[in-house]
Amino acid sequence: MSKYLSARDIDWTILLIVLLICAVGILQIYSATRDTDSTSSWWKQVLYVVGGLMLMWLVLAIDYHSLLHYVPGLYVGSVSALTLTFLLGDRVYGSKRWIPLGFGFHLQVSELVKLVIILLVARYLTDLRSDDLEIRDLLKLAGLVLVPTVLVLKQPDLGTAMTYVAVLFACSFVAGLRWKYIAAIAVVAVLVIPVTYHFLPDYQKARWVGFMNPEGDPQGKGYQSIQSQIAIGSGSMFGKGVTKGTQTQLRFLPVPWKDFIFAAFAEEHGFVGVVVMLALFFVLLMRIVQNAQTAPDRVGMYICMGVAALLLFHVLVNVGMVAGLIPVTGIPLPFMSFGGSSIWTFFMALGLVNNVRLRRFVN
Amino acid sequence: MILPPVDPQLETQLSDKPPLRDDTRFAAGRIAVFQYSAVAVFLVLISGFWRLQVQNPEFYDERAQANSIKSVPIPGPRGRILDRDGRVIVDNHSSFSLILAREQAKEEHLRPIAQGLNLDYDDLYARVARMRKAPKYVPIVIKDELTPADLDFVESHHDFFPELVLIQSQRRLYPQNGFMAHVIGYTGEISEQELDQPEFAKYEAGAVVGKFGIEREYNDTLMGVDGQRQVIVDNRGQVRQTIGIKPAIPGHDLKLTIDLDLQTVAELAMDSPYKELGIDHRNGAVVALDPRNGEVLAMVSRPAFDPNMFATRIKTKDWREIADNPDHPMLNKAIQAEQAPGSTFKPFVALAGLETGTVDPNWTTHCTGGVKLYDKYQHCYGVHGTQNMHNAIVNSCDVYFYTLGAKVGIDNLAFYGDLVGFGHKTGIDLPHEREGIMPSEQWKIRTYRQKWYVGETPSVAIGQGALTVTPLQLTRAIGGVAVGGKWYQPHLVLRPPDQVKVVQWALSPDDVKTVVSGMYGVVNEAGTGGRARLPNVAVCGKTGTAQLASYDYINSVGKGTELRENAWFEAFAPCESPEIAVVAFFEHGRHGPAAAEIVRDVIAAYFDKKTRIQTRKQARAEVTATLGMGLPGTAPGSTLPGAPQL
């Protein structure tokens, strides 16, 4: 058993794909921010990616078993930080998500908490030492996850809060949650969602209405959804070309360098570009799942599956949203959308996956 | 590469629990389910893009273009209106108009917008309500001629009222204070009623068309064709790029027959106070035309309105004020006032008497202050004694003309009245002309289903009774007689002589001479028109004092302004070979002489100008002659040999 690990064991396929996605993202950010106040975004994104790579290195250097040791501390720290965000955070676009770090940088705590949730769920499920997940244990774990979820919901940031639940659910499923419980959860969800609609904040209700009937208020509730679909549809098979997308360049598409970056990409690169991009995400996802399958222990597997679930959920919700398949929810597209917190979180998540991979022969 | 070792404590930390079951194989099935779910998710996503991008991209492409490509109208400027010497009377100027883009319009915004732009809220609301049926992309112009304050308001409220869009437009610039208002008319947005008329069929809602006067009559000539600019706009409506231009075609300029100098004098004459009645301006009309070709040299109507108020959107309040004015400022009295001509009709009666051979110039009557005709005693306003035709015209003796009229008979009066144009439109190129009434037996039967009573004829013979004329009709009539029996169609836009309609009648030159000499006497002998006398020009004229009601009736209701007699004066000059005919109609001016001075001013201005031009020409010719310079046209041809032929 060697205590020294080789860089050759890093998953270079993953890294290559991710850097490709990042590069496309940066190109798209450049294209979408021409003639705007945010023309500097593309090189900021380059810095974020470089920083992300360093963070990834940092994460994979520390044995994930050691990281698990600090889960209780990380958990308490996360909850405190989220509370602090709620108390001190800057209000942007009507919600408090960011803690100012100085020098104009703002940290979105809820992004980093995703990693803590993954580690928490992985450790909890491993500690059960069982092939089946009892509903009692699931409820305990769900209780732990619920605290940060509620704090994020209060920001309000429904999208991010749902990613925590997605990680919890995916890992619980892998941990052997029985089908009858899954069915029960599905039934409860179907029953509860219409009720929760009444407790949603107004802007969420508006998004839901806008999703169900975008033409009802094309200038208001349905605007983002309609403009996004117009952008994508008008992109046609081969797209309008970089910096040529009218919806993107003329600002009909809302924030085309952040949450709606994929619509901007689809407009300028067409269906072909979309398929290539989604294929890259798919390969990335499968590669992460493969690392879960080859993990040396259950903790490693849960970590990898958590990351996979997080990635899948992000892609599903973001891409589904821009295509009008899902109501508008503000979550970024991993590695493409502009934003340091998101980029770093996903690079660190990749760091976790590589961390597991590096140590697959250790035990 | 050195990495930290595995945490040594981890083993012990985890081992205080039951034996670790740490193989991952149990989850293989569940991971497979996850993989299949992922495949499903990606397929759903791709199908979503397939639906948008491959199945119906045209639909979205159209909508993307509809988002960004906008057509902005480029207004085609209206033609200018010039006077006969080419001086500009009506011009255009560029201004900003404000459009309400109804795709974004919100009704609750209207009130603050109306307040901010100093518009009447009810007007604005009514405009928006009226356009509700029209398609959404048709914009509503809510204000023209934006002031700097308005522009500031729009700019600073862009975020609050995104529906406000500024466009540049051409506006009409009319003379101030109603100068020539009735001739020029005004423009305005085409109304719904007009859209149904064939005349306006080719225009679309929102077009600005001529509504009145020359602007309306020559709308097709004056109106330009709007061009269009296709531009790419961003989501804030700012133009990023122009992708196509269809240039605007400007309208044609119109050269009027109006002489600005004469027009100005006529306008001023009407605006000058009349001390004898203690009024500071005169209502009525003045018409001056060239009897040799029908060109209208001046046309004034009072009171006037300000066409500039209509050039922009008129406020309902201002419109009420104009519409409710009892003096009818919107009436062009030169062609629309149908009034009894009074004694100005007498020259035509005299002419009818001579032409029909009923009397000769030496036939006389004796005026004792009245005469009994057909069992009715008709008053004369004076006692004139024995009068022949010349004296009767000079003194305007009613007894003479009562008697003459009765002798000539209504049929002959009607024939000659008809000949000189009474009871018909003159056909001037202005809308809404009225025709007046030339009474006759047929007219009475047609209108009242009654027989003509011979007792009605004497009243007609002194220009009262049912007879009504417009000032323009009278000008054309007297001008035509003065030139010996040629009545040209009056017109306001210069046209070649062969395109002017003319009515001819071979009047006996002697008869015309008799009438003319009487009219010369009116002005230059001890007649009623002495105020029109000019030192260098022989002016012929005739006064008219037209009663609006019988004196008995007026005495019974008391003397009010609204029943005071209308003053008329018709004139032409020079008496031999006349060049100008002028009629002044001074509403409630009481006596004909009150109108005579207006006519005198206009005729004086005409001949002053003529002399001025001649003197200048002469002076120029003298200078040229003294300096020995050949005129350009008379320069000798080149004596150089031509270039060799190739």
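Chain B holds an open sheet of 5 strands in the order 12-11-21-20-19, with antiparallel pairing. Strands pair here if DSSP finds at least two bridges between them. Helices (H or I, at least four residues) and strands (E, at least two) are DSSP runs, numbered from the N terminus. Strand 12 (295–302) and strand 19 (540–546) of chain B form the edges, and each has a single partner strand, so one side of each lacks a neighbour in the sheet. Direction ignored, neighbouring strands of this sheet are turned by 5° against each other on average. Axes are lines fitted to C-alpha atoms, for helices over the stretch in contact, and angles run from 0 to 180 degrees between N-to-C directions.

This is a predicted model, in which local features need pLDDT of at least 70, side-chain atom pairs count only at pLDDT 80 or more, and totals for chains, interfaces and linings use all residues. Residues are numbered from 1 along each chain as its sequence is written, while chains are lettered from A and ligands numbered from 1 in the order in which they are written. The model scores ipTM 0.93 and pTM 0.66. The predictor's confidence in each residue is its pLDDT, from 0 to 100. For chain B the average pLDDT is 85, and 91% of the residues score at least 70. Over residues 633–646 of chain B, the pLDDT is below 50. Beyond near neighbours in sequence, that stretch has 1 contact in the model. A contact joins two residues whose C-beta atoms, placed from the backbone, lie within 7 Å.

Within the sheet, strand 20 (residues 566–573) and strand 21 (residues 580–586) of chain B run antiparallel and are joined by 7 bridges. A567(B) stands opposite F586(B) in strand 21. The loop between strand 20 and strand 21 of chain B contains P574(B). The peptide bond from A573(B) to P574(B) is cis, with omega near -15°. A cis bond also links R302(B) to P303(B), with omega near 0°. P303(B) lies in the loop between strand 12 and helix 12 (308–311) of chain B. Helix 20 (residues 471–482) of chain B lies across strand 11 (284–290), strand 20 and strand 21. This helix runs at about 150° to strand 21 of chain B.

Strand 3 (residues 88–100) of chain B pairs antiparallel with strand 2 (residues 81–82) over 2 bridges. I81(B) faces V90(B) in strand 3. The two strands form a hairpin with 5 residues between them, and G86(B) in the turn has a positive phi of about 90°. Strand 3 of chain B is also joined to strand 5 (residues 164–173) by 10 bridges, again antiparallel. There, L100(B) stands opposite L164(B). A further antiparallel pairing, over 3 bridges, links strand 3 to strand 4 (residues 140–143) of chain B. V141(B) in strand 4 is the bridge partner of I99(B).

Chain A comprises 14 helices and 3 strands. Of its 363 residues, 53% are buried. A residue is buried if 20 or more other C-beta atoms lie within 10 Å of its own, exposed if 12 or fewer, and partly exposed in between, with C-beta atoms placed from the backbone. Among contacts in chain A with a separation of 6 or more, 70% involve residues 24 or more positions apart. In helix 1 of chain A, the buried residues include I17(A), V18(A), C22(A) and I29(A). Their cover includes helix 2 (41–61), helix 11 (246–249), helix 12 (261–293) and helix 14 (340–358) of chain A.

The loop between helix 10 (223–235) and helix 11 of chain A holds G239(A). G239(A) counts as buried, with 21 C-beta neighbours inside 10 Å. Leaving aside neighbours within four places in sequence, G239(A) is in contact with E267(A), E268(A), H269(A), G270(A) and G273(A). T243(A) lies in the loop between helix 10 and helix 11 of chain A. T243(A) has a positive phi of about 65° although it is not a glycine.

At the interface, 46 residues of chain B are in contact with 56 residues of chain A. The largest share of the chain B side, 16 residues, comes from helix 2 of chain B.
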